[in-house]
Amino acid sequence: MSSAQFPILLVAVPLLSAFILNIAGWFNKKYCLPIVIVALVGSVYASFGTLFTVLEEGTIRYRLGAWLPPFGIEYVVDHLNGLVLCIVSSVGLITAIYSKRSVEQELPEKVPQFYTLYILLVTGLLGITVTGDAFNLYVLLEIAALTAYALLAVGEDRAVLSSFHYVIMGTIGACFYLLGVGFLYIKTGSLNMIDLHGLLPELFGSNVIVVGFAMIMIGVWVKMAFFPLHGWLPNAYTYAPSATSCLVAPLMTKVSVYVMIRIMFSVFSPEFTFEVLAFRHIIVWLAVAAIIAGSLLALVQTDFKKMLTYVVVAEVGYMAGGVWLANTAAITGAILHILNDALMTLCLFMTAGIIVYKTKGHQFEHLKGLYRTMPFTMTAFTVGVLSMMGVPPTCGFFSKWYLILGAIRAEHWVFMGALLFSSLVNAVLFFRIIEIAFFEPFTDHHAHGHDHQPEPIDEAPLSMVVPLWIVAAALVIVGMYTSGIVTKVIQFAIPEGIV
Amino acid sequence: METITSIKPLLAVLVSLSAVPILVTSNRIPNVREAWTFVAAVVKFLIVVSMLPTVLNGIEIVYTVAEVIPGLAIKFRVDALGMLFALVSSSLWIITSAYSIGYMRGLKEHSQTRYFCYFAVCLSATIGVAFSANLLTLYLFYEILSLATYPLVTHHQDPEARKSGRKYLLYIVGGSIGLALPAMLISYNLAGTLEFAKQGFLPGTASSSLLVVVLIMFIFGFAKAAIMPFHSWLPAAMVAPTPVSALLHAVAVVKVGVFSIVRVLTGVFGTDLLVSFDFGGIIITICCVTILLGSLIALSQDGLKRLLAFSTIAQLSYIVLGIGLLSPKGLTGGMLHIAMHAFGKITLFFCAGAIFVATGKKNISEMIGIGRRMPVTMGAFFIAALSITGVPPCGGFWSKWYLLLGSLEADQMAVVVVLLGSSFLNACYFMPIVYKAFFCKPEDALFENKVQEAPAFCVVPLVITAVISVVFLFFPEPFLKLATMTVSSIMG
Amino acid sequence: MEFIVAKYNYWIVIVLLMIGLYAMIAKNNLIKKLIGMCIFQTAVILFYVSTAAKSGGATIPIIAHGHGHEAAAHAVHAIDYVNPLPHVLMLTAIVVAVSTTGVALALIMRIYKRYGTVEEDEILEQIK
């Protein structure tokens, strides 16, 4: 199995295993999860292998079926999507291990179907990341979206309606994207991203191209839940099954951010996006609005998971604003934040899933006294909180570092203010949770005195807590290793021409 | 400045951190657990002391842990100023651990393991701040300290603790994320580096108006220094158990705050820059306001710990004031006060805690005649009060003396007035307590004439720190030498 | 006027898109929203297909001269044949649209079973 085939393997292995899984699940549903894990291990191996190949040799262009581009579809892996591929496959794998108990509890009779859709979703996301063809991206975007619609719908009571709303909005977004690509195709006759990059510069003055870009952007923003197109996200993610939230929340929006970056820089060039178009400042202001709105809306929630979803909306604002600030520090921060936010969101949603597993609910009142009864879970949760607040040495601090530095260099004080405001609001939000889990229910400790027996520890099963701890440890390790990531990977992901 | 590389700074930080798992596992056997705390404290102190001779010879010890951002690393540098602070903290941790044992057991407190563990983490962070070589490392350990003290402040886990915890976080974390972080990033953007330098790294990078904004952001962002108006968290944090209040709020947390400000003023801005832009006046004004207001409010307090809290607020500003004077003696006085105030204040808090353990009393009005029952405790209180007021025969005299000389050197007569005035106010709020404790009419006394001190574990530490305060008058070394070394390396 | 008549396909697409959007946003009945979604997707498909057409008598892209060795000898004039690529792309897009419609219908069936209605305001009433 030569490493040259890794780009296709990391998509093909999960895809084929989906079929195998579905058939095997028919016989005995215990076969499902092992197949998922084996497939995803293969994917992780292939994606890291691809990343390391890219680090050594530069961009990989893999032609499917050896058809030459621009007629054939090719997979292009460079530093940016190499990083994202590793993130997607790793998160998929960890969540799969985590999901065992949760799925058994929430969806006992639908295990094979769940895992089939799960692995197809991961396939879709990997495909979006690795493809170098604009139309192929649409197809994979829809594969991911369709599987996500179904996975989200099998949750609690309200999940079905929320998923339906997501269907409507997601389809609008995808169709806008498709329209935009159509506009580009009309003018250039090509769908291959690299080819488009070469053909578009002569056409920068054309209205068709500008409209095409706008359409693609709107489509991607819907998928990314960029304020004000975020309406589908809170309900969809809150009522979904725990394992789905853990998979979808860290990944879907981040992969869409990746798509936005790809379109902005690799298809159109930075010169077009930032100079020919005049509206980059407006987007940064929208990002400020996203951050502030997301933070404020999170403050008024009494449902733990819903609060987290609004925090996700704010985090998307970080990344969008960072990219559109158009300087090296800000874009570094945005790309770093794709990695960091995926990990942080995963940590927090995993905690939510564990809390749902043990207490059967995700309102604030289900969080009482958890520091006593579930110390291991809450310790890992605290690390996630520190990362959200931006406390060193967790990774959240470092992406904030670059984003704020970028805001200072661009002299966009409002964006810097929004970032600081959001950090402080996150501190308030999460310390409210910590307070409920730490202080309540109030017992008089002095009355009991020395004989007071502590409440017994009633932790979640190991298969849920160990992945959570791995993610929490990763938050610190990735944070400490930021320098390596930036100099080896992200530095090369930023296109030339950015100051 | 010669430097050598040694892993000792990292070890000093990690000692207490590595003790945490041991403390957790010896949860069931309190004596073993306490023994390990002692061992960790002593080892930490020894490591710090082992670096003292090198530093006194003018050699700095550096160690780079990891480069986390291209061009910026988590790095330690042990210089005279850092050594001064680290010595104070590590020595006092040993004493406080002893005191904690007496206090926590005397009151049969819950969750003692958690308490000792987070105490250990706090000390790690404090030493980390002391030995920071650049602003990023300092910020990192500053934040860790803020968060590690939260479970200690809210130890009692009742609604009052929760409220105070909120206030604590609001000021401390709000200040550090909202003000200090952007200030740090702006400085980084201006200078391209965050390494502390002898005359700072900001000279020549920006205009006076931008720099004064950054200066204000730093001073108020490091809210642990309790400079008014960001001081209210300190009286609120007095809900914590007294050993927590003692070490953290009289010595570690607040001293980290002022230490950070001193580092920023000397290592980021540099005294020359402050002189050339005339920032000294701003610093002095802010500090004088805090000193006077703090002392005045202390006069009106009935709760002993609250009174001590406001006294601390005023005393901390002495330290920053010393730097603001921008004269050699002033700087020396300010830095020396870090040490002198630490020993004095911790004695006072120990006494407050001992009184609470022995009698359950928290308010001064309930402590009339207590000297009959607890003469040793109140004797130590008296000595420590003298030290804080700045009167011989206690070490506090030296730091006040240098501050006075420094303000004369800098031609700041107003500061001289403020210093003398606040010393007078200090006497005004301390002496009545002592007087009423010892000399009162027998019928007014609330206590019998029977000596019934707090447990030995409580009384012995406070006697030790009181004695040290006296010893400092005669032997202010090595703190005086470390302070003068720092000043001469800064100002030449 | 000339402008509208010449580009009539784009105008039809725009009208269909607007109808679809209106239905998705303004209608209360979930089935009607779904129909709006289908109209929206169909509009995009028509857009692509219409851009494949060429004026001047272009015909379907099946080469008249058969297959094999002879076919290679004759040059193919692209102007004679409608552009096949958008059609092919739209085959895929139709598949996607059909799948999406299927998923949406399954969801509506679930909703109907659970709430007994497909009117959105009634469902939201029940949820509260």
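Helix contacts in a predicted model

User: Which residues bring helix 6 of chain A and helix 5 of chain C together?

Analyst: In this predicted model, helix 6 of chain A contributes A:Val160, A:Leu161, A:Ser163, A:Phe164, A:Val167, A:Thr171 and A:Leu178, which meet C:Ala93, C:Thr100, C:Val103, C:Ala104, C:Leu107, C:Ile108, C:Arg110, C:Ile111 and C:Arg114 in helix 5 of chain C. Sorted by class, this contact has eleven nonpolar, three polar and two charged residues.

User: What makes up the side of chain A that touches chain C, and which helix gives the largest share?

Analyst: On the whole-chain level, 21 residues of chain A are in contact with 25 residues of chain C. Helix 5 (134-153) and helix 6 (159-188) of chain A each supply at least two residues of that side of chain A, and the largest share, 13 residues, comes from helix 6 of chain A. By class, the side of chain A that touches chain C has 16 nonpolar, three polar and two charged residues.

User: How do you know that helix 8 of chain A is roughly antiparallel to helix 10 of chain A?

Analyst: Helix 8 (residues 207-224) and helix 10 (residues 242-267) of chain A pack at an angle of about 160°, with their axes 8 Å apart. That value makes helix 8 of chain A roughly antiparallel to helix 10 of chain A, because the description applies to angles over 145 degrees. Helix 8 of chain A passes helix 10 of chain A in a left-handed crossing. Here A:Ile216, A:Val220, A:Lys223 and A:Met224 in helix 8 of chain A meet residues of helix 10 of chain A, among them A:Thr253, A:Val257, A:Met260 and A:Ile263. The contact of helix 8 with helix 10 of chain A has seven nonpolar, two polar and one charged residues.

User: What makes chain C more spread out than a compact globule?

Analyst: Chain C has six helices and zero strands, and its pattern along the sequence reads α-α-α-α-α-α. The radius of gyration of chain C is 21 Å, whereas the globule rule gives 14 Å for 128 residues, so the value lies well over the rule and chain C is more spread out than a compact globule. Along the principal axes, the C-alpha atoms of chain C fill a box of roughly 70 × 45 × 15 Å.

User: Which element of chain B gives the most to the side that touches chain A?

Analyst: This contact takes 27 residues from chain B and 29 residues from chain A. Strand 2 (60-69), helix 6 and helix 7 (159-191) of chain B each supply at least two residues of the chain B side, and helix 7 of chain B gives the most, with 13 residues. By class, that side of chain B has 16 nonpolar, six polar and five charged residues.

User: Where in chain B is the confidence lowest, and where is it highest?

Analyst: Chain B averages a pLDDT of 84, and 97% of its residues score at least 70. Confidence is lowest in helix 15 (residues 370-373) of chain B, at a mean of 77, and highest in helix 6 (residues 135-153) of chain B, at 91.

How values were computed: Residues numbered from 1 in each chain as written. Chains lettered and ligands numbered in written order. Predicted model: local features only at pLDDT ≥ 70, side-chain atom pairs only at ≥ 80, totals over all residues. pLDDT = per-residue confidence, 0-100. Helix = DSSP H or I, 4+ residues; strand = E, 2+ residues; numbered from the N terminus. Axes fitted to C-alpha atoms, helices over the stretch in contact; angles between N-to-C directions. Parallel < 35°, antiparallel > 145°, perpendicular 65-115°, else oblique. Left-handed = near helix turned anticlockwise from the far one by under 90°. Contact = placed C-beta atoms within 7 Å. Nonpolar A, V, L, I, M, F, W, Y, C, P; charged D, E, K, R; others polar. Rg over C-alpha atoms; globule rule 2.2 N^0.38 Å.
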